[in-house]
Amino acid sequence: MKSIYDLTASELKEELVRMGEKEYRAGQIFSWLHAKGVSHLDGMTDISRDLKGRLAERFSDRGISVSKCQESALDGTRKYLFELEDATLIEGVFMQYRDWNTSCISSQAGCAMGCRFCASTVGGLKRDMTAGEMAQEIYAMERDTGSRVSHVVVMGSGEPLLNYDNLMRFLDIITDSRGKGLSQRNITVSTCGIVPGIEALAREKRGREHLQINLAISLHAAFDEKRKKIMPIAERYGISEVLDAARKYYDATHRRITIEYALIDGVNDTDEDAAELARILKKTFFTSSSGSLPLINLIPVNPVTESGFKRPDRAGCLAFKNKLENFGINGSIRRELGSDIDGACGQLRLKSL
Ligand code: SAH
């Protein structure tokens, strides 16, 4: 049975009209689901029992539920294990920054991409998540923490651009002002470099406007041969194709691109790597007409038992950052939150897998 959380506001309206109800009911129900964070139809106090009953015949209203939560003693980061309607388990992370809270959400249960350093892919792909499930990860975190989430990063498990339609539906639902009303500019989608997906994002329109979400590209290597060794998707799409697609997204949206680069000791942190990374980024993004260089997010790789990869030490990370800066490229070393609860990047994984 389809979940009521998966409907956009206009679909909900059509459905209610079909059921012989007044249009404005759709706004009330949408707001209960997506703004007031009610977890079941029952909680909608201004909707009649009769209508709730008829909706329940057509749609499921089971929200996702928190199966486990670990809170970091260091920084208040919370890692959640959520249970979906069909008992599939997925993870999400709640992070507190000085002025805002961010939800890191999963877009698929498991992942098919096979990146060698990543824990999310170890058990393969279980299934795509629906738009409503993605949205509910955020609502469940808000309910549990009693705090408002204003920023979302789609950087949990899964490859969002291989679940494209659900991702777009999620964006429509989560940015709708009748519901959660998140700003697109506070949403970041991270991809391992699915070129057709990035190009589709560049073409995507809402009304007459292009998207305004932030795009992060997991590059992790500046040479194709090296990238192939750590990311199987590199066999399919070359680095230059990936960067050209990102450039198209920039040209359409003028949103600055972020490049994610997991620093792996002795693998991708040499002088040649820094020089080549700077060269290809400048070549793609710094053309005479316009352009803005991407920001580089350097992530000291989180050791995942299976991979054997190690992070460079702090000095090594800083040295790589400095080398990039000498070439005119700004990088920042990602601040780690929740490292004591395996909430750190790439460790979204069930201990029990
Ligand atoms: N599939 C998407 C989004 C999920 S991963 C993507 O590939 O971008 C979010 C980020 O965490 C990616 O940049 C990913 O490469 C990175 N990551 C995964 N495992 C990691 C690890 N062990 N250490 C550091 N970064 C990791």
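This is a predicted model: local features need pLDDT of at least 70, side-chain atom pairs count only at pLDDT 80 or more; totals for chains, interfaces and linings use all residues.

**Helices, loops and cysteines**

Guide: Start with helix 2, residues 24–34: its buried residues are A26, I29, F30, S31, W32, L33 and H34. Buried means under 20% relative accessible area, exposed means over 50%, and partly exposed is in between (1.4 Å probe, protein chains only). Helices (H or I, at least four residues) and strands (E, at least two) are DSSP runs, numbered from the N terminus.

Visitor: What covers the buried residues of helix 2?
Guide: The cover includes helix 1 (9–18), helix 3 (49–58), helix 4 (131–145) and helix 5 (164–175). Contact here means heavy atoms within 4.5 Å.

Visitor: OK, helix 8. What span should its residues have, and what do the end C-alpha atoms show?
Guide: Helix 8 has 15 residues, which should span 21 Å at 1.5 Å a residue, and its end C-alpha atoms are 21 Å apart, so the two agree. The expected span is 1.5 Å times one less than the number of residues.

Visitor: Which residues of helix 8 are buried?
Guide: I239, V242, L243, A245, A246, R247, Y249, Y250 and T253. Their cover includes helix 6, strand 10 (209–210), strand 11, helix 7, strand 12 and helix 9.

Visitor: At what angle do helix 6 and helix 8 pack?
Guide: About 10°, with the axes 8 Å apart. Helix 6 is residues 195–203 and helix 8 is residues 239–253. Axes are lines fitted to C-alpha atoms, for helices over the stretch in contact, and angles run from 0 to 180 degrees between N-to-C directions.

Visitor: What do you call that arrangement?
Guide: The two helices are therefore roughly parallel to each other. Angles under 35 degrees count as roughly parallel, over 145 as roughly antiparallel, 65 to 115 as roughly perpendicular, and the rest as oblique.

Visitor: Which residues make the contact?
Guide: Helix 6 brings V195, I198, E199, L201 and A202. Helix 8 brings E241, V242, A245, A246, K248, Y249 and A252. They divide into 9 nonpolar, no polar and 3 charged. Ala, Val, Leu, Ile, Met, Phe, Trp, Tyr, Cys and Pro count as nonpolar, Asp, Glu, Lys and Arg as charged, and the others, Gly among them, as polar.

Visitor: Zoom in on E241. Buried, exposed or partly exposed?
Guide: E241 counts as partly exposed, at 37% relative accessibility. Leaving out residues up to four places away in sequence, E241 touches V195 and R236. E241 and P196 are 45 residues apart in sequence, and their C-alpha atoms are 10.0 Å apart in space.

Visitor: What follows helix 8?
Guide: H254 does, and its phi is positive, near 60°. H254 lies in the loop between helix 8 and strand 12. At 54% relative accessibility, H254 counts as exposed.

Visitor: And H220, buried or exposed?
Guide: H220 counts as buried, at 5% relative accessibility. H220 also has a positive phi, about 65°, although it is not a glycine. Look for H220 in the loop between strand 11 (214–218) and helix 7.

Visitor: New topic. How many disulfides are there?
Guide: The count comes to 0, with a disulfide taken as a pair of cysteine sulfur atoms within 2.5 Å. C115 is in none, and its nearest cysteine sulfur, that of C192, is 5.6 Å away. C118 is in none either, and the sulfur of C115, the nearest for C118, is 6.1 Å away.

Visitor: Last one, P312. Where is that?
Guide: P312 is in the loop between strand 13 and helix 10. P312 is buried, with a relative accessible area of 4%. P312 and D265 are 47 residues apart in sequence but 4.6 Å apart in space, C-alpha to C-alpha. Not counting residues up to four places away in sequence, P312 touches L263, I264, D265, D269 and C317.

Terms used. Residues are numbered from 1 along each chain as its sequence is written. Side-chain values use heavy atoms; hydrogens and water are left out.
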